[in-house]
Each structure stands twice: as C-alpha cells, then as structure tokens.
Amino acid sequence: MIRRLRDGLSPKAVAGTVARAVPVPPREPDRLSLNRMPHPRLWEDPEWRTAGRMLALPQEEGWYHRKAFEWTHCVYGLERLGALGPSKTVLGVGAGHECVLYYLANRSRLTVATDLYQGDFVDSVSSETDPEFLCNPQKYAPFRYHEDRLVGLPADGCNLPFPGACFDVVYSLSSIEHFGGHARAARAMEEMGRVLRSGGIACVATELVLEGGPHPEYFTLEELDEWVIRPSGLVPVEELDPEPPPRAYVDDPVWLPDQVLKTPHIVLAAGDLRWTSVILFLRKPGPAALLRGTPRMAARAGMRRLARLVPASRARPRRTNVGFANASDYFWSYSRVV
Ligand SMILES: C[S@@+](CC[C@H](N)C(=O)[O-])C[C@H]1O[C@@H](n2cnc3c(N)ncnc32)[C@H](O)[C@@H]1O
C-alpha cells in the first residue's frame with residue numbers, strides 16, 4: 001500500500017499524470033496529418049516525396065512500402081515541426097543502420113545511433129543490426145553525409161546510457177515491438193521521454209493491429225495509448241488520424257513470410273492478423289504547457305482550490321512549426337549537392 005502510494009507520487013508518475021492533462025492539438029486542416037498510418041496518397045504530395053528523395057528512396061509509381069513510409073514520414077514530420085538544425089542533438093533507438101541516420105547527421109550537431117548491434121537482426125535479410133556499422137558507418141551511407149556528426153553506440157533501448165534531458169530529438173522506427181513485449185516497449189518509451197529535453201520531439205513508428213488482434217508485441221489503438229504514449233510522459237503533437245490504409249490493401253495483404261518482397265507493401269498478414277505501421281510525433285511538454293494543463297488535471301481530480309490558484313493561461317499555444325517552405329528550400333538546395 002505504502003509502495004503504491006509512493007510510486008503514485010514519484011516525480012515520473014506526477015509528470016506522466018500532468019502530461020495527460022496537456023491538451024492534444026487538433027490536426028492542421030489542409031495539411032498531411034503527422035500522426036497516422038501509411039496511405040498511397042502520401043506519395044502524391046510533392047513535399048512528402050521530396051523527403052523521400054532526400055533519403056535516396058525509390059520514387060517509382062506504385063512502389064508503396066511501409067518502411068519507405070516510416071523513413072520518409074519521420075524526416076518530413078521532423079522538418080515540418082522545425083525539430084532539426086545545426087544546434088540539435090538527435091538519438092536513434094533500435095536504429096540499426098537505417099538511411100534516416102545519415103540524413104539526420106546532415107541536419108544536426110550530433111546524431112547518436114543506438115541498437116543492440118547483436119542478436120537476431122544481424123542475420124536478417126537487411127542485416128539491420130550489423131555490428132560493423134559501429135566502426136564503419138560509411139558502409140551503409142546512401143549519400144554523402146557529415147561523418148563527424150554520426151556515431152553508433154551499442155545500447156539497450158530499455159536502459160539508455162544517457163542522463164536525462166540531453167537530446168532535442170529522439171526517434172525509433174520499427175523497433176520497440178521487437179524489444180520483448182508490451183511492457184518492454186513501455187519501458188523503452190519511458191526512457192525516450194526521460195532523455196528528451198523539455199520541448200523536444202520524439203518520433204516513434206511501430207506495428208498497429210488492424211484486424212485479428214490482440215498480439216503480444218504489436219498494438220491495437222487502445223494498447224498504443226496504454227503502452228506507448230502514456231509511459232513516455234509525452235504529448236502527441238496532434239490527434240491521431242484514424243484513417244486506415246485503403247480497404248483493397250487489407251483484403252489483398254502481403255502474406256508473411258512468403259510474400260515479403262511483394263509491393264504495394266502496406267498491410268501485412270499472418271493467420272487472422274492484419275497489421276500496418278503507425279507513426280507518432282510526441283512533444284515533451286515544457287513548464288508553460290504543464291502549467292496550462294494543471295488546472296484541467298486539478299479540476300479532474302476534484303482539487304478545485306488548486307485550479308483557482310493556477311488560472312488557465314490566455315496565451316495561445318506557441319506555434320513551433322517553422323513552415324515547410326524553409327525545409328523545402330533546404331531539401332532542394334541539398335539535393336543539388338548529393
Ligand atoms: C526491424 S529492426 C529495425 C531497424 C531500423 N530501425 C530500421 O528501420 O531499419 C529492429 C531493430 O531493433 C533492435 N533491437 C531489438 N531489441 C532491442 C533493444 N532491447 N534495444 C535496442 N534495440 C533493439 C534490433 O537489433 C534491430 O536492429
């Protein structure tokens with residue numbers, strides 16, 4: 001009982017509870033949603049395609065692949081949110097040697113890639129966790145990059161070897177579902193939230209069950225909230241777009257393991273299970289956002305006196321989006337260099 005009370009009042013639990021009270025902004029009308037599943041429509045958006053081009057990904061008609069979606073959307077979203085720049089530090093968790101790392105090295109002061117760099121994925125088709133990356137990252141570079149701004153480090157995502165609040169951006173793509181079940185994924189999310197600076201952005205892509213769940217490692221929508229968003233103590237930058245991939249892809253999915261090379265590669269199937277990717281951008285609330293949320297939390301908990309003491313701020317939420325025009329300019333000028 002005492003332990004439950006003590007745990008309930010730990011700074012981490014309080015921060016998590018307060019973060020829940022910070023309102024999640026609505027999606028921006030007339031813009032691509034950031035928190036979403038893959039859809040072929042994305043490949044028709046010129047700015048989104050530019051992000052894919054910057055990663056040197058194939059752009060042919062119909063080459064729809066959810067890995068390309070995750071990599072492209074991660075870069076697109078981080079640029080749209082103004083999260084990158086020459087003063088920023090970036091952490092990749094379960095990053096292997098993915099192409100995004102090399103882009104981020106060009107768009108940060110320092111990008112740190114962490115992964116176990118051992119285990120099952122050493123011998124997978126793409127050898128995602130090839131330990132050679134640690135001493136020879138050039139081996140996988142899809143384009144020229146700032147070699148002095150990318151470093152690899154073996155580390156368990158559930159126990160990150162960094163002090164708190166030391167990265168401006170933390171991201172993890174297609175990885176937390178491989179950490180050993182929902183509780184381990186939640187622990188990794190807690191770690192990502194811990195090492196992120198206040199105001200920093202996290203980007204996480206994982207597996208979303210569309211039909212036939214539950215599954216011990218993948219997530220239904222409800223489980224995404226319980227095991228991914230809540231443990232992080234972070235706040236979604238906008239509401240999740242519930243639009244699933246087109247029905248045709250669910251009815252004619254990629255059957256694993258036999259059809260692993262089939263495209264479009266958007267919805268996967270094994271037995272009754274149908275799943276796809278989901279990507280989330282989350283922000284670590286700064287003190288101002290927490291204060292704005294506090295009255296809501298206080299009111300909810302019935303602490304009306306505290307609510308009166310902390311009046312809701314009249315200030316509008318700060319607009320951190322620098323506008324894609326700048327990032328787009330960056331893309332185009334950079335693409336002339338590579
Ligand atoms: C499907 S791969 C994805 C790699 C990379 N993010 C990409 O998209 O190409 C999953 C990765 O998670 C890594 N991984 C598994 N358990 C981990 C853990 N506990 N901590 C850190 N990384 C882990 C694996 O080594 C592997 O590189």
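Helices (H or I, at least four residues) and strands (E, at least two) are DSSP runs, numbered from the N terminus. The model you are looking at is predicted: local features need pLDDT of at least 70, side-chain atom pairs count only at pLDDT 80 or more, and totals for chains, interfaces and linings use all residues. Residues are numbered from 1 along each chain as its sequence is written.

Let's start with the whole chain. Its secondary structure comes to twelve helices and nine strands. Of its 338 residues, 43% count as buried, meaning that 20 or more other C-beta atoms, placed from the backbone, lie within 10 Å of a residue's own; 12 or fewer make a residue exposed, and anything in between partly exposed. The pLDDT, the predictor's confidence in each residue from 0 to 100, averages 85 over the protein chain, and 81% of the residues score at least 70. Over residues 302–338, however, the pLDDT is below 50.

Now step into strand E5, where you will find Gly200. Gly200 counts as buried because it has 25 C-beta neighbours inside 10 Å. Not counting residues up to four places away in sequence, Gly200 touches Phe167, Asp168, Val169 and Lys284; a contact here means C-beta atoms, placed from the backbone, within 7 Å.

Just after H8, Gly233 takes a positive phi of about 70°.

A few backbone details are worth a visit. Most residues other than glycine have a negative phi, and most peptide bonds are trans. Ala165, in the loop between strand E3 (150–154) and strand E4 (167–173), has a positive phi near 55°. Ala165 counts as partly exposed because it has 13 C-beta neighbours inside 10 Å. The peptide bond from Leu256 to Pro257 is cis, with omega near 5°, and the bond from Thr263 to Pro264 is cis as well, with omega near -5°.

Terms used:
Contact = placed C-beta atoms within 7 Å.
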